[in-house]
Amino acid sequence: MAETGLIHPDDIVKDEGKRDFIFLAAGAAGAVGAASIVWPLLAQMGKAADTLALASIEIDISKIAEGEQLRVLWRGAPVFVRHRTAAEIAEAESVDMGALPDPATDASRLIPGPDGALKPQYLVQVGVCTHFGCVPVGEAGDYDGWYCPCHGSHYDTSGRIRKGPAPRNLDIPPYEYLSDTVIKVG
């Protein structure tokens with residue numbers, strides 16, 4: 001009998017393994033292609049390196065003399081780190097809570113050191129008036145703490161509002177002691 005050019009179904013060799021390999025290879029190539037497109041899009045949504053650098057700062061507090069204050073920038077805002085004298089600490093601890101517009105004890109405004117004990121000699125706070133965002137002047141005002149010359153807010157030696165239009169105490173930034181002499185703000 002002469003060949004008709006038709007393929008009989010019994011003559012077809014079935015190779016399912018080859019087909020599975022092609023499907024897997026095509027799927028893997030598609031996944032790699034999709035990932036190469038999505039990855040840069042997601043990566044560019046992250047914070048820039050300069051922003052991450054400002055997210056936290058380390059401050060050596062051993063260089064601040066007693067009675068002095070260090071001013072540093074953190075996230076574009078001033079941070080005051082004051083090494084308070086024994087008289088300033090005693091004055092802050094002796095205040096009647098009923099006389100404060102925003103009551104807070106001096107101890108509640110402090111963070112424990114590495115040994116778990118409070119270090120009342122070091123006060124860390126954001127140096128921005130809570131009224132309209134001015135920067136208060138240190139060692140000034142009626143309570144020898146901070147005075148905001150913009151609208152006349154007076155803060156005591158613990159950064160608590162005592163007189164003036166400010167609605168609350170100076171803010172305490174998130175910070176921790178890395179050692180007895182170094183703190184990390186942020």
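## How to read the model

Residues are counted from 1 along each chain as its sequence is written. As the model is predicted, local features need pLDDT of at least 70 and side-chain atom pairs count only at pLDDT 80 or more, while totals for chains, interfaces and linings use all residues, and side-chain values use heavy atoms, without hydrogens and water.

The mean pLDDT (the predictor's confidence in each residue, from 0 to 100) is 89 for the protein, with 90% of residues at 70 or more.

## Helix α1

Helix α1 covers residues 16-43 and includes L42 (helices are DSSP runs of H or I with at least four residues, strands runs of E with at least two, numbered from the N terminus). An unreviewed UniProt entry places a "transmembrane region" at residues 21-42; annotations of this kind may be inferred rather than shown by experiment. That span is 100% helix, and its end C-alpha atoms are 31 Å apart.

## The cysteines

You will find one disulfide here (a pair of cysteine sulfur atoms within 2.5 Å). The partners are C134 and C150, with sulfur atoms 2.1 Å apart. Because C134 sits in the loop between β4 and β5 and C150 in the loop between β6 and β7, the pair ties together parts 16 residues apart in sequence.

C134 is buried at 17% relative accessible area, whereas C150 is partly exposed at 39% (buried is under 20%, exposed over 50%, partly exposed in between, using a 1.4 Å probe and protein chains only). The sulfur of C129 lies 3.7 Å from that of C148, too far for a bond.
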